[in-house]
Amino acid sequence: MFVERRKKQRLRSLLGGRVSFNQKSSTLDCLVRNVSEDGALLVISDSIALPNAFDLDITRHQRSYVARIRWRDGERVGVTFEAPPAGEIVPLDMARRLKHCEQDNARLKSRIQQLTEAG
């Protein structure tokens, strides 16, 4: 007999998601099969090694989560969402713009360094 241990009910879904780790330098697509406020069930190739914690972006919900693996069974991965500190929930579009600005900033710093060394 199956005993439900979740605190919040998960809703079935068929959403695209993106897992990212290594400071967002490594990304891969996944399928979100169910989701709640506290976690989700992801479908990811079982040949891919994932870290215990990673970022999960669900574009359709316009949300980004810090996810932690609770269990893994082949391609199915159960994750819980870590609660961000108060006031740190960032909409996905803002997180993307911030990442783009950080990349531009790094490029500009590199160019400044090149110019000051050259001349």
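In the predicted model, Val19 has Leu56 of β4 as its bridge partner. Strands β1 and β4 run antiparallel and are joined by three bridges. Both strands belong to a closed barrel of six strands with antiparallel pairing, in the order β1-β2-β3-β6-β5-β4. Direction ignored, neighbouring strands of this sheet are turned by 45 degrees against each other on average. Strands of a sheet pair through backbone hydrogen bonds.

Four salt bridges were found in the whole structure. One of them joins the side chains of Arg18 and Asp29, at 2.7 Å from N to O. Arg18 lies in strand β1 and Asp29 in strand β2, 11 residues apart. Arg18 is partly exposed, with a relative accessible area of 37%, whereas Asp29 is exposed, at 53%.

A salt bridge also forms between Glu82 and Arg68, whose closest N and O atoms are 2.6 Å apart. Because Glu82 is in strand β6 and Arg68 in strand β5, this pair ties together parts that are 14 residues apart in sequence. In helix α1 (residues 92-118), Arg107 and Asp104 are three residues apart, so about one helical turn separates them. Their side chains meet in a salt bridge of 2.2 Å, N to O.

Key:
Residues are numbered from 1 along each chain as its sequence is written. This is a predicted model: local features need pLDDT of at least 70, side-chain atom pairs count only at pLDDT 80 or more; totals for chains, interfaces and linings use all residues. Side-chain values use heavy atoms; hydrogens and water are left out. Two strands pair if DSSP finds at least two bridges between them. Helices (H or I, at least four residues) and strands (E, at least two) are DSSP runs, numbered from the N terminus. Axes are lines fitted to C-alpha atoms, for helices over the stretch in contact, and angles run from 0 to 180 degrees between N-to-C directions. Buried means under 20% relative accessible area, exposed over 50%, partly exposed in between (1.4 Å probe, protein chains only).
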